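Colleague: I have just opened this structure and would like to learn how to read it. Could you walk me through some of its features?

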Amino acid sequence: MKPFALLAFAGLGSLVQSTPVAPAQPRSLPRARPHLHTRQTNNSSGPACAQVSQAMYGDGTTVANYVVPAGIAWDCINSVPLNATSAKLLLTSIKPYMEWQSTLTVLKDPPAEYVEKVQPAVDIMGGLDKLASDIDAGKVANEYAFGWALYTLIQSAHDGHFSYVPDSVGGIFTWGRDVPLVSVSEDGEQLPSVFAFEDVLGLQYKNISYTPSAVAKIDNVDATEFLETLSQFGGLQDRDALYNNLFYEIAQVGLGEAGSGTGMFTGGGRGRFVYPGANTTFTFANGTTRTIQNFARVRYNFRGLNTGEDVAKQWFTYGMAASAEVASDTVSTATSKSSGPGYPEPVSIGPLNLINGYYVEGNDYKDVAVLSVPNFVGNSYAQEAFQKTSQEFIPKALVDGKTKLIIDLQANGGGTILQGYDLFKQLFPDLDPYGASRYRANEAIDLIGQSYSQRASLAPRGSNSSLASAQSSYFDYHTDMTVEGKPFTSWAEKYGPQEVNGDNYTTLERWNLSDIYTNISSGGIDVTGYGPLANITGPPKFKPENIVIVTDGYCASTCTIFTEFLTKQAGVKTIAMGGRSNKNAIQAVGGVKGVNNYAFGYIQSAAQTAIRWNPAVNESVLASYKDDLPLYRASNGASPGVNVRDGLPQNDTSGIALQFVYEEADCRLYYTPEMTVDINSLWKAAADAQWGSSGKCVGGNNSQKRSNHLVTTKLKPRRVQVSSAVAMEKLQSFEKSFQLKTECHMTGDGFMHP
């Protein structure tokens, strides 16, 4: 392996350029002005889209090359002319879905602490109107400029449940770099700096003779400034969590294509929608520079296409049914049989690395078990296996003398809501999970609820299978219960609405976990402590003080529900990893704290079903959901959706949704080089911080233990003592993961797509 900071980056092949070039684009641009990027043309002549076709099929083979230089793809997508008529119709047709976004009003005027510490205000509806005006005024240059403005408007809400990826932004090309980065502290005390991950990897498993040097600048911009700016295009809300998600992290990699790949910087997760420029130039602290050529992944067949007009005619769906997508090459490292790179063999193996049980290695940690939960399951066939894994591992760990438990929630974007409830109940059978929520009241929800509740009332609950789709829905008032644990008496009682902080919301409700349809809602499992499992009671499996949650801030959706139960109702402490290069305390939960998401397709189906069951509402606002244009114009594989339910804390009096509540973790730890390749070193550090005498928290309750704030600029030798064969095997497993891309097909009623 060659030192990236000194020589060409190993493994990049033809994408490496041996001589530096000028930065491909200016940075810190206004988010809705992608056309300001500096164009860089390819050496080939002819229209850019013809160059893409040539790059894919130029060798005459029948197998297409789906990776092409980013510069020609950028010029190609920017040559697709704007279809102003379709663009205006799209803006009109998505507005009814926006009304379901639970935080729509609060986003315009968030609490002061949220604005100060998290994100600025954003007016979604006003932004849609402004974009329509810009189209009328001729200010939108092309189809991509329109798509990017729409995408970033909704993305700026920083709600992982709330997204719309137009066809021009993610449907034709996605983007990436071939250089995974990590942010690490030399010793866990010095401020972290950014390094090329292959340098750190070589430091662990190769007898390298050079000293890895930190990345000082990227495209001639201070590396920290560059990365913090880039991170703001992510789907999380917390800035430290966004920063973490830029980097290579073994928890994300272990999820394969269901995670955010090798980091947002390389085009993982939502980084795949952000054009990185034609090239990227790295300047290192030791004075060396290296330039790589960035790439685009082509998602469709470009054979015979020459111009932007050709691409629009062939692959854009301006109101017609979507064309069939060409399958491209895929690489996945996640399996159901073993953990991803950097993990030991599990004691208990769950499905697809979504949950595994481990014991921490080392004589000083013989009493520590780890339940690694990077996802709460979005695959229906894995639901039962997920629950079974924790059911088996928790008692096994206790029998094996484990008295302490680390719950590792790194990379957890959520999943099925009631899996989070069930795992909490397995750990604390004596506690009743609270979990109050509300919808933003609107006319469509009211009409759908009236229709569903009327149909569901035709027969006693569960007595008629033809009524199951109505009776198992939120829109049947018999579903759920009041915050006091009582049944609702009518749809009018459940709907309300209640005026809170300047907007109208439905009546607060909680899941009725004893309901006969809970099994359906939970993806096919029975929740521990209710229904067929009602006999499972007793004290906590581990004492609350002997449990600690570890997160990277990515925790979102169902993960936030689970964490809220553990911290607020059980008193469990949290450790947040990484974050920006400072000494501040950070949040443990940095993803969306909304507790339920609906895809546009589900809302459309519910509206159409309500009309079918009650034709009298055919000419109502529900008719607005008949138009398929919002679905056709969304990128395939990036289902548009909204957050429909706010989560509210127990004993709340403010009415402020959890999404806008800032909560610092009890402890913060920096990532060290070892933690980027060996998860056991991270678990040891967490155990030391929570239960040991040598723990070193950066922020939080133990911040006084930290004394050294020097910045890491280079890394000392730290070769892992393993055989050459084992070292090579580990290197190969990591290097294989560099090819990962995000192609998430997970689902879930509480899941945030990366």
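Colleague: Where does Gly-71 lie?

Modeller: Gly-71 lies in helix H2. Helices here are DSSP runs of H or I with at least four residues, strands are runs of E with at least two, and both are numbered from the N terminus. This is a predicted model, in which local features need pLDDT of at least 70 and side-chain atom pairs count only at pLDDT 80 or more, while totals for chains, interfaces and linings use all residues. Residues are numbered from 1 along each chain as its sequence is written, and side-chain values use heavy atoms, with hydrogens and water left out.

Colleague: Is Gly-71 buried or exposed?

Modeller: Buried means under 20% relative accessible area, exposed over 50%, and partly exposed in between, with a 1.4 Å probe and protein chains only. Gly-71 has 7% relative accessibility, so it counts as buried.

Colleague: How do I read the packing of two helices?

Modeller: Two packed helices are described by the angle between their axes and the distance between the axes. The axes are lines fitted to C-alpha atoms, for helices over the stretch in contact, and angles run from 0 to 180 degrees between N-to-C directions. Take helix H1 (residues 48–57) and helix H2 (residues 70–77): their axes are 7 Å apart and the angle is about 140°. H1 is therefore oblique to H2. For that word, angles under 35 degrees count as roughly parallel, over 145 as roughly antiparallel, 65 to 115 as roughly perpendicular and the rest as oblique.

Colleague: What is the handedness of the crossing of H1 and H2, and which residues meet there?

Modeller: A crossing is left-handed if the near helix is turned anticlockwise from the far one by less than a right angle, and right-handed if clockwise. The crossing of H1 and H2 is left-handed. Contact means heavy atoms within 4.5 Å, and here Ala-48, Cys-49, Gln-51, Val-52 and Ala-55 of H1 meet Ile-72, Ala-73, Asp-75 and Cys-76 of H2. By class, this contact has seven nonpolar, one polar and one charged residues. Ala, Val, Leu, Ile, Met, Phe, Trp, Tyr, Cys and Pro count as nonpolar, Asp, Glu, Lys and Arg as charged, and the others, Gly among them, as polar.

Colleague: At what angle do H15 and H20 cross?

Modeller: The axes of H15 (residues 417–427) and H20 (residues 558–569) cross at roughly 25° and come within 8 Å. That angle is why H15 is roughly parallel to H20. Their crossing is right-handed. Among the residues making the contact are Tyr-421, Leu-423 and Phe-424 of H15 and Ile-561, Phe-562 and Phe-565 of H20. The classes are nine nonpolar, three polar and no charged residues.

Colleague: And how does H14 sit against H15?

Modeller: The axes of H14 (residues 383–399) and H15 come within 11 Å and cross at roughly 15°. This makes H14 roughly parallel to H15, and the crossing is right-handed. Residues including Phe-386, Gln-387 and Ile-394 in H14 meet residues including Asp-422, Leu-423 and Leu-427 in H15. By class, this contact has four nonpolar, six polar and one charged residues.

Colleague: How many residues does the largest nonpolar core have?

Modeller: In soluble globular proteins, nonpolar side chains tend to be buried together. A nonpolar core is a set of buried Ala, Val, Leu, Ile, Met, Phe, Trp, Tyr and Cys residues joined through side-chain atoms within 4.5 Å. The largest here has 90 residues, and Phe-562 is one of those with the most contacts inside it. Leaving aside neighbours within four places in sequence, the contacts of Phe-562 include Phe-376, Ile-407 and Leu-423. A second, separate core of 63 residues includes Tyr-164, Tyr-477, Ala-606 and Leu-629.

Colleague: What about backbone angles?

Modeller: His-158 has a positive phi of about 55° although it is not a glycine. This residue is in the loop between helix H7 (143–155) and helix H8 (167–171). His-158 counts as buried, because its relative accessibility is 1%.
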